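Subject: Structure handover

Hello,

I am passing on the structure we discussed, followed by my notes on it. Please read them with the model open.

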Amino acid sequence: MLRAGVVGAQLPALQAAVLPVSIGDTLILATDGISSDFTRKLARNNPPQKAAENILARHGKATDDALVLVARYLRDSP
């Protein structure tokens, strides 16, 4: 889900969503400073840090600030 906007200036209405995750799933959050086509060539076996670095290096826009967070769900809590 992509949403554009400047914080404090016509921020779109926020919508809460609950998505199920399973062990091994990877969650990627990126700001609008990352081109939206970054999902086309993801290497699914990369560790989260490497995946974030690759997305930022390959898809970061030179005209905007950018942030990428990659997290992998490894196991249930005991």
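A definition comes before the rest: a patch here is made of residues with over 30% relative accessible area and no salt bridge, and nonpolar side chains are joined into one within 5 Å. By that rule, L27, L29 and L69 make a nonpolar surface patch of about 280 Å². L69 sits in strand β2. At a relative accessible area of 43%, L69 is partly exposed, and this value is over the 30% that a patch residue needs.

Now the overall picture. Please keep in mind that this is a predicted model. The protein has 1 helix and 2 strands, and from the N terminus on these elements run β-α-β. Strand β1 covers 26–30 and helix α1 covers 48–59, while strand β2 covers 68–72. Of the 78 residues, 14% count as buried. The accessible surface comes to about 6600 Å², and carbon and sulfur atoms hold 56% of that. Among contacts with a separation of 6 or more, residues 24 or more positions apart account for 69%.

Two asparagines deserve a note. N46 is placed in the loop between β1 and α1, whereas N54 belongs to helix α1 itself. Are they buried or exposed? N46 has a relative accessible area of 17% and is therefore buried, the cut-off being under 20%. N54 also counts as buried, because its relative accessibility is 17%.

Which residues does N46 touch, once its neighbours within four places in sequence are left aside? N46 is in contact with A51, N54 and R72. With the corresponding neighbours of N54 left aside, that residue is in contact with N46 and H59.

R75 has a relative accessible area of 61%, so it is exposed. In sequence R75 and I23 are 52 residues apart, yet in space the C-alpha to C-alpha distance between them is 5.5 Å.

That is what I have for now.

Regards

Technical notes
Residues are numbered from 1 along each chain as its sequence is written. This is a predicted model: local features need pLDDT of at least 70, side-chain atom pairs count only at pLDDT 80 or more; totals for chains, interfaces and linings use all residues. Side-chain values use heavy atoms; hydrogens and water are left out. Helices (H or I, at least four residues) and strands (E, at least two) are DSSP runs, numbered from the N terminus. Buried means under 20% relative accessible area, exposed over 50%, partly exposed in between (1.4 Å probe, protein chains only). Contact means heavy atoms within 4.5 Å. Patches are made of residues with over 30% relative accessible area and no salt bridge: like charges are joined within 9 Å, nonpolar side chains (Val, Leu, Ile, Met, Phe, Trp, Tyr) within 5 Å. Accessible areas come from the Shrake-Rupley method with a 1.4 Å probe; for residues, only the protein chains shown count as cover. A salt bridge is a side-chain nitrogen of Lys or Arg within 4 Å of a carboxyl oxygen of Asp or Glu.
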